[in-house]
Amino acid sequence: EQAFMPVLPTYKEVVAQPEILARTLVNLQPKVLELAILLAQRNCNRILIMGSGDSYFAAAAARLAFEKYADIQVEALQAFEYAAYGAAAVDERTAIFVISSSGRPTTTWDALDRALKTQALVVGITDTPYPGNPFAERPPFVLVPGATKAGWPTQTTTTTLVVLLSLAVSLGLKNGKLDVDEAEYLLNDLRQIPEKAVVTLQENMNVARELARLLHQKHYFTLIGGGPNFAVANIGNALLAEGSQKVGVVYEVEEFNHSLRACTILPGEPVFLVAPNGLCLRRLEETIPPLKQQNALIMAIVDGEDSLVAENADYLLRVPQTLEAFSPLLTLLPLHLLSLYIAIECIKSGYQRPENPV
């Protein structure tokens with residue numbers, strides 16, 4: 001309980017995600033709609049979304065939804081990078097979202113300072129609007145998803161993401177990219193996510209435990225994804241480092257194949273493919289043969305049976321199907337469970353990371 005990111009509160013926050021997601025979708029919808037109207041009135045044509053760690057990757061995971069459903073150019077920026085270098089061509093048609101779940105002093109404060117000096121509409125996103133939190137007090141518009149983070153970042157990521165995805169659809173409706181029926185279809189798909197999250201957590205609990213017993217002695221991990229699920233691979237990598245101090249390398253699927261990265265994988269080395277149905281699935285399937293040739297230990301997050309990934313992976317973590325733009329809300333959950341159980345196995349076994357793993 002005295003750890004910086006303790007395990008027991010993390011477990012409680014992981015399993016509470018379906019309830020929190022459902023609550024966030026209902027409670028935040030009026031504010032989301034208000035913001036969508038404001039962005040449409042400003043004729044917004046560009047959104048910069050920034051944060052650090054899981055907030056940064058949640059921004060990256062939301063990009064496809066904004067561009068597909070609202071026809072808005074979106075850039076996910078690391079908050080420190082923006083604070084240091086800024087961004088070109090920011091004007092009154094730009095919106096800048098600055099995410100800090102905790103609101104505590106970090107370089108994200110500096111990013112907020114820089115954003116507020118521009119002509120852009122600045123939106124603060126934070127879960128802890130304590131007195132003095134600049135993300136809750138300084139921007140002209142604020143969203144509070146309402147997640148908690150006593151442990152690792154888990155529900156803070158998914159609630160922030162579900163708010164961004166809901167906003168993408170609402171903005172598409174208000175700026176004319178979507179008609180009413182299209183927007184309702186998409187929002188209804190989002191409303192089903194909490195129920196699907198329950199199924200995801202229940203069906204992957206035992207698999208995650210089994211895999212953790214196998215993987216907790218491993219030190220190096222490779223994670224591969226594409227599209228919005230490249231962000232999920234990055235979050236999974238961060239979770240492995242935060243919880244059990246494992247070393248992960250993340251690849252976009254084309255870069256993994258293009259650069260012949262499979263040649264660097266050792267026999268038995270764990271490789272995760274985040275591979276739900278979508279435009280990247282075919283390329284992920286083409287990753288299987290070289291991984292098999294290297295005798296890698298292949299684990300995959302899938303939402304169907306009819307892919308080479310599902311047929312050939314050594315272990316599967318399954319999620320229900322949803323639209324590709326929304327899939328990170330589900331594909332992330334098995335990685336929450338797995339990273340948590342790996343950390344627990346490390347604690348139980350007294351595992352010590354190698355002093356000189358090379």
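In this predicted model, strands β1 (residues 46-51) and β3 (residues 94-99) run parallel and are joined by 5 bridges. Ile 47 has Ala 95 of β3 as its bridge partner. Both strands belong to an open sheet of 5 strands, ordered β2-β1-β3-β4-β5, with parallel pairing. At the edges lie β2 (73-78) and β5 (141-143), each of which pairs on one side only. On average, neighbouring strands of the sheet are turned by 20 degrees against each other, direction ignored.

Helices lie across these strands. Helix α3 (residues 54-69) lies across β1, β2 and β3 and runs at about 175 degrees to β2. Helix α5 (residues 107-116) lies across β1, β3 and β4 (121-125), at about 160 degrees to β3.

The largest nonpolar core has 82 residues. Those touching the most other members are Leu 35, Leu 39, Ile 47, Ile 49, Phe 66, Phe 97 and Leu 215. Helix α15 gives the most to this core, with 12 residues. Another core, of 22 residues, lies apart from it and includes Ile 265, Ile 288, Ala 296 and Ile 298. In soluble globular proteins, nonpolar side chains tend to be buried together. The contacts of Phe 66, not counting residues up to four places away in sequence, include Ile 47, Ile 49, Val 74, Phe 97 and Leu 164.

The structure holds 9 salt bridges. One of them joins the side chains of Asp 113 and Arg 138 (2.4 Å, N to O). This pair links distant parts of the chain, 25 residues apart: Asp 113 is in helix α5, and Arg 138 is in the loop between α6 (134-137) and β5. Asp 113 has a relative accessible area of 28%, so it is partly exposed. Arg 138, at 42%, is also partly exposed.

A salt bridge also forms between Lys 348 and Glu 345, with the closest N and O atoms 3.2 Å apart. The two residues are separated by about one helical turn, because they are 3 residues apart in helix α15. Lys 348 is exposed, with a relative accessible area of 62%. Glu 345 is buried, with a value of 11%. Elsewhere, salt bridges that share partners join Glu 254, Arg 283 and Glu 286 into one network.

Thr 322 is found in the loop between β10 (315-318) and α15 (328-349). Its relative accessibility is 14%, so Thr 322 counts as buried. The side chain of Thr 322 makes a polar contact with that of Asp 189 (2.4 Å). Leaving aside neighbours within four places in sequence, the contacts of Thr 322 also include Ile 193, Lys 196, Ser 327 and Leu 330.

Methods. Residues numbered from 1 in each chain as written. Predicted model: local features only at pLDDT ≥ 70, side-chain atom pairs only at ≥ 80, totals over all residues. Heavy atoms only, no water. Helix = DSSP H or I, 4+ residues; strand = E, 2+ residues; numbered from the N terminus. Buried < 20%, exposed > 50% of the residue type's maximum accessible area, 1.4 Å probe, protein only. Polar contact = N/O pair within 3.5 Å; in protein donor to acceptor, adjacent residues only side chain to side chain. Contact = heavy atoms within 4.5 Å. Pairing = 2+ DSSP bridges. Axes fitted to C-alpha atoms, helices over the stretch in contact; angles between N-to-C directions. Core = buried A, V, L, I, M, F, W, Y, C linked by side-chain atoms within 4.5 Å. Salt bridge = Lys/Arg side-chain N within 4 Å of Asp/Glu carboxyl O.
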